[in-house]
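This report walks through some local features of one protein chain, with the sequence and the structure shown just below. Please keep both in view while reading.

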Amino acid sequence: MQSPTIVNFDGSDPQYGGAIYQGSTFEAYVTVRDLQGVPVSLADYTLAAQARRSYKDVTPAFTFTTNFQDTTENGILYPASVIHLFLGASVTRNIPPALYKYDVELTLATNSEIVIKPFLGTIKVINEVTK
């Protein structure tokens, strides 16, 4: 795998969708690909994703629920090649509006010293009006 890809969930990139809206469900799906653009199986890894206001913050502002999904391209099944990030409405309702930094971390299940960050970026939380 290559260096982390920057994926901003702030409404600036239509490929990945918009920001987090307080009180609404947030979901994102990102396919991890090799240098030739082929989806990569991540089945041998564990997955975690957190967000913080600052890189210096000790405690995360919020933690995503994460899992792997399969994808099919041109009739070929690529197992566990899509990273799914999820925050339920009850979680987003309590996240203060701000711009956060987040990353996604993969750890090899058989060797915790092998850690990869396939993507990272910023994520914007926007105020809720209807409560």
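## What counts as a salt bridge

A salt bridge is a side-chain nitrogen of Lys or Arg that lies within 4 Å of a carboxyl oxygen of Asp or Glu. The model shown here is a predicted one, and by this rule the count in it comes to three salt bridges.

The side chains of Glu 105 and Lys 117 meet in a salt bridge, with a distance of 2.6 Å from N to O. Glu 105 lies in strand β8 whereas Lys 117 lies in the loop between β9 and β10, so this pair ties together parts that are 12 residues apart in sequence. Lys 117 also forms a salt bridge with Asp 103, where the closest N and O atoms are 3.0 Å apart. This second pair links distant parts of the chain, since Asp 103 is in strand β8 and Lys 117 is in the loop between β9 (115-116) and β10 (119-126), 14 residues away.

Taken as a group, Asp 103, Glu 105 and Lys 117 are linked in a network of salt bridges.

## The salt bridge of Arg 33 and Glu 73

Another salt bridge joins the side chains of Arg 33 and Glu 73, at 2.7 Å from N to O. This pair, too, links distant parts of the chain, because Arg 33 is in the loop between β3 (26-31) and β4 while Glu 73 is in strand β6 (residues 65-73), 40 residues apart. Arg 33, at 34% relative accessibility, counts as partly exposed, and Glu 73 is partly exposed with a relative accessible area of 23%.

## The largest pocket

The largest pocket has a volume of about 230 Å³. The elements that give two or more residues to its lining are β4 (45-52) and β8 (98-108). Among the residues that line this pocket are Asp 103, Glu 105 and Lys 117, which are also the residues linked in the network of salt bridges. Other lining residues include Ala 48, Gln 50, Tyr 55, Tyr 102 and Leu 120.

Which kinds of residue make up this lining? The lining divides into five nonpolar, two polar and five charged residues.

## His 84 and its contacts

His 84 has its place in strand β7 (residues 76-87). At 8% relative accessibility His 84 counts as buried, because buried means under 20% relative accessible area. The side chain of His 84 is joined to that of Glu 27 by a polar contact of 2.8 Å, and to that of Tyr 29 by a polar contact of 3.4 Å. When residues up to four places away in sequence are not counted, the residues that His 84 touches include Ala 28, Thr 65, Asn 67 and Gln 69.

## Two positive phi angles

Asn 74 has a phi near 55°, which is a positive value in a residue other than glycine. Asn 74 is placed in the loop between β6 and β7 and is exposed, with a relative accessible area of 81%.

Ala 80 has a positive phi of about 50°, although Ala 80 is not a glycine. Ala 80 is found in strand β7, and at 10% relative accessibility Ala 80 counts as buried.

Conventions
Residues are numbered from 1 along each chain as its sequence is written. This is a predicted model: local features need pLDDT of at least 70, side-chain atom pairs count only at pLDDT 80 or more; totals for chains, interfaces and linings use all residues. Side-chain values use heavy atoms; hydrogens and water are left out. On a 1 Å grid over the protein atoms alone, a cavity is a set of points where a 1.4 Å probe fits but cannot get out, and a pocket is an open set with protein on both sides within 12 Å along at least five of seven lines; lining residues have an atom within 4 Å of a point. Grid points are joined across faces, edges and corners, and a volume is the space filled by probe spheres set on the points. Helices (H or I, at least four residues) and strands (E, at least two) are DSSP runs, numbered from the N terminus. Ala, Val, Leu, Ile, Met, Phe, Trp, Tyr, Cys and Pro count as nonpolar, Asp, Glu, Lys and Arg as charged, and the others, Gly among them, as polar. Buried means under 20% relative accessible area, exposed over 50%, partly exposed in between (1.4 Å probe, protein chains only). A polar contact is a pair of N or O atoms within 3.5 Å; within protein, one must be able to donate a hydrogen and the other to accept it, and residues adjacent in sequence count only if both atoms are side-chain atoms. Contact means heavy atoms within 4.5 Å.
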